Amino acid sequence: MKRVSSSLVPPIALDRSKRYPLYRQLYDWFQRAIASGQLRPGQRVPSTRSLAAELNVSRIPVLNAFEQLHAEGYLQTFVGAGTWVASSIPQETIGPSTGKISGPAQKKGTRRISQGGLAATLRAPQPWLNLSGAFRMHLPALDHFPTDVWSRLVARNARKSTMDTMAYGDSMGYAPFREVIAEYLGAVRAVRCDPAQVMVVAGSQQGLQISARVLLNPGEAVWMEEPGYPGAHQAFRTAKARLIPVPVDNEGLNVENGIHRCRNARAAYITPSHQYPLGTTMSATRRLQLLNWASRTGSWIIEDDYDSEYRFGSRPIASLQGLDSDARVIYIGTFSKVLFPALRLGYMVVPTDLIPAFSTARDAADIFSSTLYQAVLTDFIKEGHFARHIRRMRILYADRRNALAEAIHEEIGGMLEIVSAEAGMHLVGLLPRGMKDTEISQNAARIGISAMPLSICYLNRPLRGGLVLGYGGTDGAQIHDGAHKLKMCL
Ligand SMILES: Cc1ncc(COP(=O)(O)O)c(C=O)c1O
């Protein structure tokens, strides 16, 4: 390491042992010194010749560094007079970019972010997320995914890439993919739609976000299931909507209660096939009540059909969208649960007159989803792998659900009352009154168990706390071990 103190600039340390080029070290040093105010605007810097001599390096790296600093406007040269730090650099220093906040930036009010609803959605840390241990929510059995078939289809489609598939695509999605989705939804979910109404999205979270922005003006009311999906709370909050909690009972969302609370809400968000998180199915009466309310008031219904492929006792429940005769329902589905979440592919079925608004909103967000993966999934569905995978997973999840119910019964039966477990990839266990679920979840996270507290699904304070336990991505051995560890936390 050679240190040189020039008469004009603070000491420059060059590390010759580094593989990092000398010119880059010099460039970085000058850039940091100027940005942090060590070198002031208008201050003279040594000539390249004298700096090279002082540092005992060849002139080439110094020339290269200065050339770059000139090009980016940090330095200016007056022929015959020398080189200066550009006088246009602002006098107030911008400070080193360490990410840490210090100096004037700390002053209250100087680091404002948009209050466009985001501030209200900033969450406290959730240690039960991102653990790889038992009961992690929203995770399918990734170890049972047919990776070999998938990789083959990815390779085949990548090889077939054309100028067309590599260019910008349609905001509504890749046409052949929208066709297979429409066909699948018609056959399996009784959704009534034309491929033109199908919009491919980057997961249902994006579908919720776009719906909130397209359908609601800031301040307008939306009914939310209470308890409900926290991701939906977030999506509607960032659109500055007013969230109205409407209780859920064993028939699903209580429509009369919603009308009583806020008759003229602009929209209702619901998970009728498998209520998130309680797992109930919305009754036919409530479905018709909801559709009638929407027709009468001109409101929208956002149907989130996130995991209805997995029903154990009976056939999948038909969608609410299929019952709608007034084009009031925006239907949203995802491949995150049936395939894998990192795919970031989902879909919406949009009433025909709203297609331009939804398509424009997607265009404004991120334009469209990866054409390659849409094409791969088109083949995966068309060639029968999708249906086969769902059939296999339905059996696996039923086994895992039974194993978890049994393990809870054996280990913590007296403490955790299972609410419903007829479908899906998670179940809810209610805790005795007065027990704080967030504390239990935090304790569980410390020993690697991912038990989501039920209370985070509520907008108001719940009467009883509980734990939401995912079993989709938790195998038999982990389930038993996890239930045993959970007992210690209770
Ligand atoms: C009810 C519900 N809706 C939507 C989503 C979002 O899914 P994704 O954005 O991965 O498609 C989830 C994720 O777990 C969910 O549980």
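**Domains, a cavity and some backbone details**

Biologist: Which domains does the lining of the second largest cavity draw on?

Modeller: At least three of its residues come from domain 2 (127–137 + 388–489), and at least three from domain 3 (148–385). Domain bounds come from an automatic or database assignment. Bear in mind that this is a predicted model: local features need pLDDT of at least 70, side-chain atom pairs count only at 80 or more, and totals for chains, interfaces and linings use all residues. Numbering starts from 1 along each chain as its sequence is written, and side-chain values use heavy atoms, leaving out hydrogens and water.

Biologist: OK, so which residues line that second largest cavity?

Modeller: Met137, His138, Tyr306, Asp307, Lys337, Met425 and His426. A cavity here is a set of points on a 1 Å grid over the protein atoms alone, where a 1.4 Å probe fits but cannot get out, and lining residues have an atom within 4 Å of a point.

Biologist: What volume does that cavity have?

Modeller: About 40 Å³, taken as the space filled by probe spheres on grid points joined across faces, edges and corners.

Biologist: And how many cavities of 30 Å³ or more turn up in the whole structure?

Modeller: Three.

Biologist: Switching to the backbone: is the bond joining Glu226 and Pro227 cis or trans?

Modeller: Cis, with omega at about 0°. Look for Pro227 in the loop that runs between β7 (221–226) and α9 (230–238). Helices (H or I, at least four residues) and strands (E, at least two) are DSSP runs numbered from the N terminus.

Biologist: How about the bond from Tyr276 to Pro277, cis or trans?

Modeller: That peptide bond is cis, with omega near 5°. Pro277 lies in the loop between β10 (267–270) and α11 (284–297).

Biologist: Where is Arg344 found?

Modeller: In the loop between β12 (329–334) and β13 (346–349).

Technical notes: 1 Å grid on protein atoms, 1.4 Å probe; cavity = no way out; pocket = protein on both sides within 12 Å on 5 of 7 lines; lining within 4 Å.
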